[in-house]
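Visitor: I have a model open here and would like to talk it through. Could you start with the terms and then take my questions as they come?

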Amino acid sequence: MELIYKNEHGAVYHIPNGPNPETELQLVVNAVGIFMSKSDLEHLLNIVKRPYEPCHCPDCGGGRDKIWCFNPIVDLCLKVNETILDGLEDLIKGTFFILDMDATLQKNKLIFVKHGNS
């Protein structure tokens, strides 16, 4: 489990040998960890970036204080406010920045070496 990016609202980890090979990322918000693929995370970012579009699930009646995602395996409903939405957006965008940076460095065979104070 390798930390990719974190902020005060959560963290995203790379899980190379997770329970599902298609979901190598884990989004952790509070005490809940959600295994996701990169495309799942992109989908969540699209939802987070549109906070004022109401949810259309029958349970919340179109409220704007929840993020509701569902698929055949699991339903996800997060209670949010503007501060949490901003934090989630930063968390997801920061994760993509790191992932894209690593891919670019690897593609160009550049190695980042952190030098300590010696």
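Guide: A salt bridge here is a side-chain nitrogen of Lys or Arg within 4 Å of a carboxyl oxygen of Asp or Glu. This is a predicted model, in which local features need pLDDT of at least 70 and side-chain atom pairs count only at pLDDT 80 or more, while totals for chains, interfaces and linings use all residues. Residues are numbered from 1 along each chain as its sequence is written, and side-chain values use heavy atoms, with hydrogens and water left out.

Visitor: OK, how many salt bridges does the structure hold?

Guide: The structure holds two. In one of them Asp100 pairs with Lys38, the closest N and O atoms being 3.5 Å apart. That pair links distant parts of the chain, since Asp100 is in helix H2 and Lys38 in helix H1, 62 residues apart; helices are DSSP runs of H or I with at least four residues, strands are runs of E with at least two, and both are numbered from the N terminus.

Visitor: And which side chains meet in the 2.8 Å salt bridge?

Guide: Those of Glu89 and Lys93, with 2.8 Å from N to O. Both residues lie in helix H2, four residues apart, which is about one turn of the helix.

Visitor: Changing topic, what order do the elements run in from the N terminus?

Guide: They run β-β-β-β-α-β-β-α, with two helices and six strands in the protein chain. Of its 118 residues, 31% count as buried.

Visitor: Where is Ser37, then?

Guide: Ser37 sits in the loop between strand E4 (32-36) and helix H1 (38-48), and Ser37 is buried, with a relative accessible area of 14%. Not counting residues up to four places away in sequence, Ser37 touches Glu22, Thr23 and Leu25, a contact being heavy atoms within 4.5 Å.

Visitor: What about Gly33, which residues is it in contact with?

Guide: Leaving aside neighbours within four places in sequence, Gly33 is in contact with Gln26, Leu27 and Val28. Gly33 is found in strand E4 and is partly exposed, with a relative accessible area of 38%. The C-alpha atoms of Gly33 and Val12, which are 21 residues apart along the chain, are separated by 9.0 Å.

Visitor: Which residue has a positive phi although it is not a glycine?

Guide: Asn30 has one, with a phi of about 55°. Asn30 is found in the loop between strand E3 (25-29) and E4, and Asn30 is exposed, with a relative accessible area of 74%.

Visitor: Last one: where does Asp90 lie, and how accessible is it?

Guide: Asp90 lies in helix H2 (residues 82-107) and is partly exposed, with a relative accessible area of 35%.

Technical notes:
Buried < 20%, exposed > 50% of the residue type's maximum accessible area, 1.4 Å probe, protein only.
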